[in-house]
Amino acid sequence: MPQVSLRNIYKVYPNAKNSAPAVCDFNLEINDGEFVVLVGPSGCGKSTTLRMIAGLESITTGEIYIDGKLINNLPPKDRDIAMVFQNYALYPNLSNFENMAFGLRLRKVEKYKINELVKVKARELEIENLLDRQPKDVSGGQRQRVALGRAIVRQPKVFLMDEPLSNLDARMRVQTRIEIMKLHNDLNATTVYVTHDQIEAMTMGHRIVVMHGGLIQQVATPEDLYNKPANKFIGSFIGSPPMNFVFGRLLSGDDGRIFFSNSTMYIPFPEKRITKGIDKYIGTDVVGGIRPEYLSLRQGEERNEDEFFAKVDVTELVGADRYVYLDINQSNRESLVARVPAKDKFSPGLRVIGQADMDNFHIFDRNTEQRIY
Ligand code: ADP
């Protein structure tokens, strides 16, 4: 049995324009011990979904179950969940110890047990020597550990985290991200984590739910999200730089091969990739998609059948990689970015020959933007 089930969840805020739902037909089953990340651009409905699980926001229609029990009308304190927020939500006048102990005191846990639990968890989080101080007297990262500590001492069934790292600086964010994953490995508690940051989602989630405009776009492992994006939106939202998109048409050659074609390219797909269902797209306009690391570049005069000419616009050195921005068709300003080793220097203005790894070349429907191939 899944630990958390969300079934046909809709949320319409009473003051919403045109009664547009903030969350639309959200369905998800979350397993015991799973770390699920909700990710998407600002305003896509992530926090609303999390807050409905927490009981901080009413559900317009649909059902939420925890351990098979319908919780729609259960007050937050009876849901056996703990929530960690972006702004820590600690009591400023209480010590860090009292903040961590707060939920336990409310539940009338015995004093000696509270002492022990708080100390053990504070030790694990390496904030043991900060317990006498107030939240304002510790750093942002330490404050977020106190907030995490407050959540874990309660040993809830489900952890809900709403952008817990976004107030931290870049270095602290990475460190606390690792800390949260270690905690999760130790506690193995079901976690629903909200972020707008695709890197956070990709590094932390067992499964990732990508949302856009209140709708789930795809639920998948990080690998599948990256390699098998359901649609163009996912291709561009996940990955940095995002997936390249090129307009073109699918054509079939005399020899039965299928080609992606436009004014610069006429590239065959490897035979092993030709699958049923692609036939109906032959002769139609489509969008090709390829990630920057699947484009390779070389210098030369003669191009092979599966290559194309391009002009280097700009290059960016990013540590071990170099991003090479390419102009492939000046008339409609289509451009591509290739990710090549930093040692491969291509100066702006240079004419180069590009090759796309057609095993990793995707085709999207021009109208629906769904991936078809
Ligand atoms: P996210 O967490 O993905 O940034 P939210 O869940 O906060 O998105 O918001 C989803 C949509 O609902 C947005 O269009 C937002 O403006 C709207 N919204 C959020 N909270 C309220 C509210 N209390 N009243 C009215 N509209 C809201």
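**A pocket and a ligand site**

Let's start with the lining of the largest pocket: by class it has 13 nonpolar, one polar and five charged residues (Ala, Val, Leu, Ile, Met, Phe, Trp, Tyr, Cys and Pro count as nonpolar, Asp, Glu, Lys and Arg as charged, and the others, Gly among them, as polar). This is a predicted model, where local features need pLDDT of at least 70 and side-chain atom pairs count only at 80 or more, while totals for chains, interfaces and linings use all residues. Residues are numbered from 1 along each chain as its sequence is written, and side-chain values use heavy atoms, without hydrogens and water.

The largest pocket holds about 550 Å³ of space. Among its 19 lining residues, Ile81, Ala82, Met83, Arg107 and Arg154 are the closest to its centre. Strand S6 (81-85), helix H2 (96-106) and helix H4 (140-153) each give two or more residues to the lining, and S6 has the largest share, with four. (On a 1 Å grid over the protein atoms alone, a pocket is an open set of points where a 1.4 Å probe fits, with protein on both sides within 12 Å along at least five of seven lines; lining residues have an atom within 4 Å of a point. The volume is the space filled by probe spheres set on the points. Helices are DSSP runs of H or I with at least four residues, strands runs of E with at least two.)

Now for the ligand. Around it sit Tyr13, Asn15, Ala22, Pro41, Ser42, Gly43, Cys44, Gly45, Lys46, Ser47 and Thr48, each with a heavy atom within 4 Å. A ligand oxygen lies 2.7 Å from a backbone N or O atom of glycine 43, and a polar backbone atom of serine 47 is 2.8 Å from an oxygen atom of the ligand.

Conventions:
Polar contact = N/O pair within 3.5 Å; in protein donor to acceptor, adjacent residues only side chain to side chain.
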